[in-house]
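Here is a short report for a reader new to this structure. Look through the sequence and the model, then read on.

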Amino acid sequence: MPTDIQRDILVVGAGAAGMYAAIAAARQGASVLLVDKSLIGRGGATVMAQMTVAAAIGEQAPDHWSKHLEDTLAAGRGLCDETLSAILCREAVDRIRELDAWQVGWARDKDHIRQVMAPGHSVPRCVYVDFLNTGPAVAATLRKQVAHSAGIDRVSGVSITDLVVNDGRVAGACALETDTGRQITIAAKAVVLAAGGLTRLFERNSASANMGGDAYALALKAGAELIDMEFVQFFPIGHLAPRLVGMDPIMWDPFRYKLGGRLLNGDREEFIENYGLSDSGSYTAPRDAASFAILREVQAGRGTPSGGAYLSFEHIPEEDLRTAFGPVIDRLQKNGIDLSRAPVEVSPIAHYHMGGIRVDEQMQTRVKGLYAAGEAVGGASGANRLSGNAIPEAFVFGERAGRFAAKDLDGSTGWPDAKATADLISGPQGCGKNDAIHPVRCLAELQKLLWDRVGLLRDAAGLNQTLDRIRSMRNEIADCKPAHREGFTPGLQEWHDLSASLLVAETVTASALERTESRGAHQRADFEHSDPKQARHLAATLADGRPRITADTLRTIGN
Amino acid sequence: MNTTQYTARITVQRGTAAVPATLQDFEVPYRNGMSVLDALIWVRSNVDPSLAIRYSCTNANSCKECLVRIDGKTVYACTYRLPKDGVTVYPLGNKPLVADLVTDIIPPKEKLSNLLP
């Protein structure tokens with residue numbers, strides 16, 4: 001029995017990385033199936049990006065990609081895969097130019113693309129689209145390019161539940177259409193995983209509902225390696241209170257930078273410099289250190305009523321606020337927020353995952369024909385991502401993954417018998433007890449658990465307790481797969497999502513336990529200092545259904 | 001804290017293309033500034049996980065997936081504030097109904113059925 005759909009390349013996830021991969025593969029003449037569990041170009045992290053995109057185009061001030069690389073490696077706390085970081089910084093320039101040619105609308109001054117400073121950068125390097133519109137503009141531009149590329153079929157509302165590997169080479173995937181309950185098989189000679197990160201696993205996050213770690217779970221189950229899974233970036237000043245709707249919770253960063261917003265504790269005192277950081281006015285404290293300082297203030301009983309810090313613009317004249325915020329000031333007013341009269345409360349929130357799927361320079365995993373792109377890839381940012389590097393990472397790694405996947409289509413073996421293979425991979429059929437688990441509540445428990453014990457500050461006791469609980473949750477849900485039935489099937493979809501999230505959460509927790517030091521975004525209360533001997537990756541693979549963590553050497557340039 | 005003690009009513013149209021529509025009331029703990037989507041997510045977590053609503057970005061008004069109908073107007077559930085005196089939420093009237101508040105908003109060129117025999 002043949003598969004339902006056959007294409008050269010299957011791209012999983014249609015944010016910037018997936019759309020770029022599809023465009024690049026189609027440019028090589030490949031036939032591409034671009035699939036998103038949400039809507040193409042709308043459901044991932046890209047469309048939520050508001051501001052900065054780093055690239056050494058040197059229009060605002062002299063710059064070179066090697067300087068961008070230096071800043072990226074410094075932010076990464078000695079843990080970057082330098083080969084990937086170098087590719088990112090070098091090719092970001094080409095991709096930003098290409099987006100410009102596609103009329104994304106980078107903000108400009110008279111004769112050049114405007115570039116602004118951002119924390120951790122040595123020169124003004126970050127381009128953007130006004131006002132807070134970088135993500136939507138990028139997504140719309142890439143959607144248009146995808147639509148105009150010959151050879152790309154787009155499918156929304158379909159989630160990939162398992163990859164199929166045959167003789168060590170990826171051969172396709174099993175998928176589920178939520179609205180209809182249709183289960184389908186897809187044959188592909190190569191697969192690009194571009195389904196983003198895992199920040200939704202934490203209670204406080206800036207993620208879309210799709211950032212539950214799907215890409216990592218699919219990669220692990222297919223036999224690929226993950227690295228650096230213990231490194232979750234917490235964005236220091238995510239919006240906490242009052243309730244703000246219709247705005248990305250990470251919106252404050254550029255304004256704080258532009259205007260010099262003051263960060264204050266619950267006693268209305270500045271505190272960042274008490275932690276050995278220099279921040280006042282210039283806002284250059286790195287993300288990992290700033291997050292940690294806020295956490296320490298809250299723990300010391302000096303937090304705000306909602307458990308964070310104050311961000312105050314009260315000292316800025318009202319007309320300056322309006323100039324800087326533009327129409328955003330009106331949207332804030334609709335939320336009952338008047339920055340000239342009162343501060344807002346902010347808190348670190350899970351924002352980005354540094355860890356991810358291990359790839360070579362062609363973005364290929366150790367499974368032949370299986371590629372990864374965007375946030376799903378691990379290594380380029382080491383232990384802490386430089387601000388502005390996420391969108392270029394999506395562009396650069398997406399373009400490469402699509403291009404190299406399309407050049408390597410020989411040797412694929414296809415599916416011997418689609419139906420039999422799919423049945424085998426999908427595992428036990430549903431138990432029929434469709435109400436036996438409550439996926440929404442299970443996810444909420446997992447989010448709280450990870451936030452409390454695998455978040456900003458970790459220790460062995462909390463990590464071990466978390467591992468025990470995650471393992472028992474995995475056992476509980478393994479026996480409760482909802483039975484398949486025709487029609488709208490959110491239950492089965494959520495069961496797959498939850499299974500993936502639990503596997504990935506176990507991997508993050510086990511990695512965090514294994515790293516007995518503090519470095520970048522990974523802070524251990526029981527190991528407060530960096531250990532030079534641990535300047536190496538931790539790799540994760542799947543063995544008998546459980547993540548296995550092993551130490552692995554660091555890839556440096558020239559090594 | 002911006003938490004208060006009282007609850008607000010949210011009435012939701014339930015049903016699918018095959019099952020006739022009914023209205024169901026839920027009481028939701030009210031928080032100042034909360035959105036209709038906040039209330040629907042609370043219902044799914046605490047009362048009835050089978051309540052169907054489509055959303056992705058949750059908060060940022062960027063994915064455009066949570067479109068519903070309130071007072072005859074098409075609105076985003078993520079940016080529409082939950083009124084203290086309650087609200088009734090319907091699925092979009094101009095799209096095929098999938099279930100409860102979920103309608104088929106997938107663009108015609110992005111449908112799986114295009115690729116199947």
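## A cis bond in a loop

P242(A) sits in the loop that runs between β12 (232-241) and α6 (252-259) of chain A. The model is predicted. The peptide bond that joins A241(A) and P242(A) is cis. Its omega is about -5°.

## Two residues with positive phi

R268(A) is not a glycine, yet its phi is positive, near 65°. The residue belongs to the loop between β13 (262-264) and α7 (287-299) of chain A. Is R268(A) buried or exposed? R268(A) has 12 C-beta neighbours inside 10 Å, so it counts as exposed.

M363(A) also has a positive phi, of about 75°, and is not a glycine. M363(A) is placed in the loop between β16 (356-357) and β17 (370-372) of chain A. Here 30 other C-beta atoms lie within 10 Å, so M363(A) is buried. The cut-off for a buried residue is 20 or more.

## Helix α4 of chain A

Helix α4 of chain A covers residues 134-148, 15 residues in total. From its first C-alpha to its last, α4(A) reaches 21 Å. That is close to the 21 Å expected at 1.5 Å a residue.

Which residues of α4(A) are buried? They are T134(A), G135(A), P136(A), V138(A), A139(A), T141(A), L142(A) and V146(A). The buried residues of α4(A) pack against several elements of chain A. Among the helices there are α1 (16-27), α3 (82-101) and α10 (390-407). The strands are β2 (32-36), β3 (53-54) and β7 (152-156).

## Where α3 meets α10

Two of those partners of α4(A), α3 and α10 of chain A, also pack against each other. A pair of packed helices is described by the angle between the axes and the distance between them. For α3(A) and α10(A), the angle is about 90° and the axes are 9 Å apart. The two helices are therefore roughly perpendicular to each other.

On the α3(A) side, the contact is made by I87(A), L88(A), E91(A), A92(A) and R95(A). On the α10(A) side, it is made by P392(A), E393(A), F395(A), V396(A) and E399(A). By class, this contact of α3(A) with α10(A) has six nonpolar and four charged residues. It has no polar residues.

## Chain A against chain B

How many residues does each chain bring to the contact? Chain A gives 42 residues and chain B gives 35 residues. On the side of chain A that touches chain B, the elements giving two or more residues are α4, β7 and α12 (439-453) of chain A.

## Chain B as a whole

Chain B has one helix and seven strands. From the N terminus on, the order is β-β-α-β-β-β-β-β. The radius of gyration of chain B is 15 Å, close to the 13 Å that the globule rule gives for 117 residues, so chain B is as compact as a globular protein of that length.

Along its principal axes, the C-alpha trace of chain B spans about 55 × 30 × 25 Å. Of the 117 residues in chain B, 38% are buried. What share of the contacts in chain B between residues at least 6 apart in sequence join residues at least 24 apart? The share is 48%.

Definitions and conventions
Residues numbered from 1 in each chain as written. Chains lettered and ligands numbered in written order. Predicted model: local features only at pLDDT ≥ 70, side-chain atom pairs only at ≥ 80, totals over all residues. Helix = DSSP H or I, 4+ residues; strand = E, 2+ residues; numbered from the N terminus. Rg over C-alpha atoms; globule rule 2.2 N^0.38 Å. Contact = placed C-beta atoms within 7 Å. Expected span 1.5 Å × (residues − 1). Axes fitted to C-alpha atoms, helices over the stretch in contact; angles between N-to-C directions. Parallel < 35°, antiparallel > 145°, perpendicular 65-115°, else oblique. Nonpolar A, V, L, I, M, F, W, Y, C, P; charged D, E, K, R; others polar.
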